[in-house]
Structure formats: structure tokens, C-alpha cells
Amino acid sequence: MAGDSAVSRFRDTLAYPPRGMSREEAARYIGVGTTKFDEMVADRRMPTPKRVDGRVIWDRVALDAAFSDLPNEPENRIDAILARRKADSTPA
């Protein structure tokens, strides 16, 4: 296609993530599969996409914000027990 050659001529050589991502790219970006990503969009843990003509595009900045808002995993029980044992066995 003529447009593709024009785009490749002006291709940027900087390494940075794109601002807009497809569904598959957005899911991969946050580290889940597309089915889980769809669930997270449906339950509002992830943002809804923007529409540009016929394309559906997720905003990387909105994904970053939504990902930051996800709850952290509670402390690992085994790590907590081992830390207590270590603290208890340390001479005062």
C-alpha cells in the first residue's frame, strides 16, 4: 500500500511504547491474556477503549493509571512467619 511506504519512510527510531494499543497489545502490556483483559474492562478495573474511525484503541496512560489502582497482593504468609522467626531468634 502506498500509505505503508510513506509511514515506513518516516518511522521513528526512538524506543518507546506506543500511546495507543490494540486489545491484544493492551492485554500483553499489563501482563494478562485477552480473556482476562476483557473481564477487567467489563468490571471497570481497566479503562474502556477510544474509537478512532473503525479502530478500537486503548490509551497506554489510562492503562498505567488503572494498573496502578489495582490492589497489591497481601503479604506472603510464609515470608511473614520467617521474618517473625528471624526477629524472635535475634539476640537483643
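Trp 58 is buried in this predicted model, with a relative accessibility of 6%, where buried means under 20% relative accessible area, exposed over 50% and partly exposed in between (1.4 Å probe, protein chains only). Phe 37 is also buried, at a relative accessible area of 0%. The rings of Phe 37 and Trp 58 lie with their centres 5.2 Å apart and their planes at 70 degrees, so the pair is edge-to-face. The rule behind this takes rings of Phe, Tyr and Trp (its six-membered ring) as paired if their centres lie within 6.5 Å, with planes under 30 degrees apart counted as stacked, over 60 as edge-to-face and the rest as tilted. One aromatic pair is counted in this way. The pair joins distant parts of the chain, as Phe 37 sits in helix 3 (residues 34-42) and Trp 58 in strand 3 (residues 55-59), 21 residues apart.

As for the model itself, it is predicted, so local features need pLDDT of at least 70 and side-chain atom pairs count only at pLDDT 80 or more, while totals for chains, interfaces and linings use all residues. Residues are numbered from 1 along each chain as its sequence is written, and side-chain values use heavy atoms, with hydrogens and water left out.

The protein chain holds five helices and three strands, in the order α-β-α-α-β-β-α-α from the N terminus. Here helices (H or I, at least four residues) and strands (E, at least two) are DSSP runs, numbered from the N terminus. Of the 92 residues in the chain, 18% are buried.

Strand 1 (residues 20-21) runs antiparallel to strand 3 and is joined to it by two bridges, with Gly 20 opposite Asp 59. Strand 2 (residues 50-52) pairs with strand 3 over three bridges, again in the antiparallel sense, and Val 52 stands opposite Arg 55. Pairing requires that DSSP finds at least two bridges between two strands. In the hairpin of strand 2 and strand 3, two residues lie between the strands, and Asp 53 takes a positive phi near 55 degrees.

Turning to the helices, helix 2 (residues 23-30) packs against helix 4 (residues 60-69) at an angle of about 35 degrees, with the axes 11 Å apart. Axes are lines fitted to C-alpha atoms, for helices over the stretch in contact, and angles run from 0 to 180 degrees between N-to-C directions. Ala 26, Tyr 29 and Ile 30 of helix 2 make the contact with Arg 60, Leu 63, Asp 64 and Phe 67 of helix 4, contact meaning heavy atoms within 4.5 Å.
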